[in-house]
Amino acid sequence: MTAAAGEVVALVGPSGCGKTTALGIIAGLDRAFEGTVSIGPRPDGEPARLGYVFQEPRLLPWRTVRQNLLLALPKSRRLGSAVDLMLEAMELSALADLFPTQLSLGMARRVALARAFVVEPDLLLMDEPFVSLDEPTAVKLRALLVRMLERRPATVLLVTHNLREALALADRLLILTPSPGRVVAEVPVGIPRGSRDDAAIEALRSDLLSRSDPAFRLLA
Amino acid sequence: MRLHATSRWVMPVLSILLLLAVWQSATLAIGGRLLPGPATVAAALLREAETGALFHHLGITLLRVLGAFTIAMSVGVALGVPMGRSALLDRLFGPWLVFFLNLPALVVIVLAYVWFGLTEAAAVGAVAVNKIPNTMVLVRAGARSVDEGLMEMARVYRLSPFERLRHVLLPQLTPTIAAAARSGLALIWKIVLVVELLGRSDGVGFQINLLFQTFDVAGILAYTVAFVAIVQLLEYGLLQPVERHCQRWRRIAAET
């Protein structure tokens, strides 16, 4: 499986099929695997920068929102101004000096997203980043993600079991089987991200679910 | 039932008064020679304070306690964290830890004096060696139970080893380290007295040995009370404020 630079690829499949494990392998967290992972270098020859939005926000509870973002930056680029700009873009400026334990789950996820973007990632791994949020909050955060990607494109691997979410955000969907997970289908989404409305997403979804291939029946 | 602000002060004072009353009745029952009463001990305390001996010996003992405490805590944390984080190191050095944990304090002290002479370094080092395994065991347990999710986050965002220690590991170990420090302070000052008794010519332990030879129980109790008071001051004046500072994020979260 490959992802082109700047492409948003969604891994869609039932829980337990190894989606999170795949992200862990790509991020270098999990080394007990067979096969190869290659991440192209940046145009300037430096190794690719990685952003990771975990399933839980995973913020340091004893550091403020601002410090959490600062720490994610490598020392050579650790500038308060970069963090402040990111907090402003994510509408988090008012929360900068709060501790994560003072935040709602939605806000904590927003901070985790800001942390992933502040490093200006080339590759952004997202593991169910909007799960267990109420729908209006999830919708707001998805829209925020789309805006952030417009401002600064990155190659994104999005893990989700939510087909609507995948169709709203991705350029291409990879459909996985239950454990042991295999890619059984590849679905390109033709419509540009900015102009997909609810109706378009719903149409794509019912089209997928009506296909005769058994792979798609698992999604319903 | 919630205690009022005043009873927070009243209760400890009452507790101390009660202890003094029990002490005084015990003195009346046993006799003042074997167990001098609070007034006699206070007089002995004043006498030792006037000659300056009290402050000299207390001071030197306190310096040894702080020296041994600093060494024991830093070495214990520095060795305990890697053992808690690496299964290999734990399996390799775990048996050593059990060995040192069960080494009697007296053996360490005597061997230190035999090998390194009756020196200050041998004395303080021997006390530290007695506390290090205890700190290591506590810190190792703390390091084993850290949040692995945060450790993964630190790896993904490429925090340096020092940053991981400072921002990810140590904040999680604060309660463990505070517990080790608290029990450590009490343990260390007890062992320092033994070290002084066996091989130093000053300090509270040396002084208690002298008072023992003249059966001056009032003097022995005077030094004991004075040093316990100092350790209490350290607990309330140093350990607790530092711990509160390290845990302020919890308090802020609880208040909102």
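**View 1. Polar contacts between domain 1 and domain 2 of chain A.** Four residue pairs, both members at pLDDT 80 or more, are in polar contact between domain 1 of chain A and domain 2 of chain A; a polar contact is a pair of N or O atoms within 3.5 Å, where within protein one must be able to donate a hydrogen and the other to accept it, and residues adjacent in sequence count only if both atoms are side-chain atoms. On the domain 1 side, helix 5 (135-151) and strand 3 (123-127) of chain A are the elements that give two or more residues, and helix 5 gives the most, with nine residues. Helices (H or I, at least four residues) and strands (E, at least two) are DSSP runs, numbered from the N terminus. The model is predicted: local features need pLDDT of at least 70, side-chain atom pairs count only at pLDDT 80 or more, and totals for chains, interfaces and linings use all residues. Residues are numbered from 1 along each chain as its sequence is written, chains are lettered from A and ligands numbered from 1 in the order in which they are written, and side-chain values use heavy atoms, with hydrogens and water left out.

**View 2. Salt bridge between E120(A) and R49(A).** The two side chains meet at 3.7 Å, N to O; a salt bridge is a side-chain nitrogen of Lys or Arg within 4 Å of a carboxyl oxygen of Asp or Glu.

View 3. P171(B) lies in helix 8 (residues 161-199) of chain B. Because its relative accessibility is 10%, P171(B) counts as buried (under 20% relative accessible area, 1.4 Å probe, protein chains only). The C-alpha atoms of P171(B) and C246(B) are separated by 7.4 Å.

Key: Buried < 20%, exposed > 50% of the residue type's maximum accessible area, 1.4 Å probe, protein only.
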